[in-house]
Amino acid sequence: MDDSAIIDLFFERSEQAVEELDRQYGALLRKTAGNILGSPQDTEECVNDAYLGVWNSIPPQRPAPLASYVCRIVRNLAISRLRRESAAKRNGSFELVLDELAELVPSAGNVERDYEYKELVQTLNLFLATLNYDDRFLFVRRYWYAEAVKDIAAAMRRKESWVSLRLFRLREKLRKTLTKEGFSV
């Protein structure tokens, strides 16, 4: 079933919409949440919360593409859950992913930085547009989906050391881009 048919089911308020969404994108959502949370129980709960979020937002939303929309919801829920559960302590692999970019990207939690944050998002989008397919694939899989280096290496049929080096070079390229655009890194 294609995205528009699934969205139509949501507009009809059919419970089959959630079943079709799970059939189409459930594995992707579980992988995304699992990369962040690490716990199968937390992952499943997060995915179910994402389905509820989609149910509550469609209608009136008619997202295109649907996969990106639901991935963003599950990712945001997983990050919120991780922050709640590890407020006083650091938590494994996702914290490592955030640390890799932390020194480059300013925090968006400050109202005074709202304008700078929007400029940063635009600069990041332009940066990603300049990358070739493989580099963009690496960057997104690591820093959006929080995938482990070994999993990315396996997907690309490369050595882990190659992926790590490439990610390092991409971070350096991003650092230069951000500095050139006037962001303090």
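Is cysteine 46 buried or exposed, and at what relative accessibility? At 1% relative accessibility, cysteine 46 counts as buried, a term that means under 20% relative accessible area, whereas exposed means over 50% and partly exposed lies in between (1.4 Å probe, protein chains only).

The structure is a predicted model, in which local features need pLDDT of at least 70 and side-chain atom pairs count only at pLDDT 80 or more, while totals for chains, interfaces and linings use all residues. Residues are numbered from 1 along each chain as its sequence is written, and side-chain values use heavy atoms, with hydrogens and water left out.

**Overall make-up**

The chain holds nine helices and zero strands, where helices (H or I, at least four residues) and strands (E, at least two) are DSSP runs numbered from the N terminus. Of its 185 residues, 38% count as buried. Among contacts (heavy atoms within 4.5 Å) between residues at least 6 apart in sequence, 61% join residues at least 24 apart.

Helix H4, residues 66-85, has 20 residues and reaches 29 Å from its first C-alpha to its last, close to the 28 Å expected, the expected span being 1.5 Å times one less than the number of residues. Its buried residues include Leu66, Val70, Cys71 and Leu82.

Valine 70 touches Leu21, Tyr25, Leu29 and Val54, not counting residues up to four places away in sequence.

| Residue | Relative accessibility |
|---|---|
| Cysteine 46 | 1% |
| Cysteine 71 | 1% |
| Glutamate 20 | 10% |

Glutamate 20 has its place in helix H2, and it counts as buried because its relative accessibility is 10%. Leaving aside neighbours within four places in sequence, glutamate 20 is in contact with Met1, Ile6 and Leu9.

As for the cysteines, a search of the whole structure finds zero disulfides, a disulfide being a pair of cysteine sulfur atoms within 2.5 Å.
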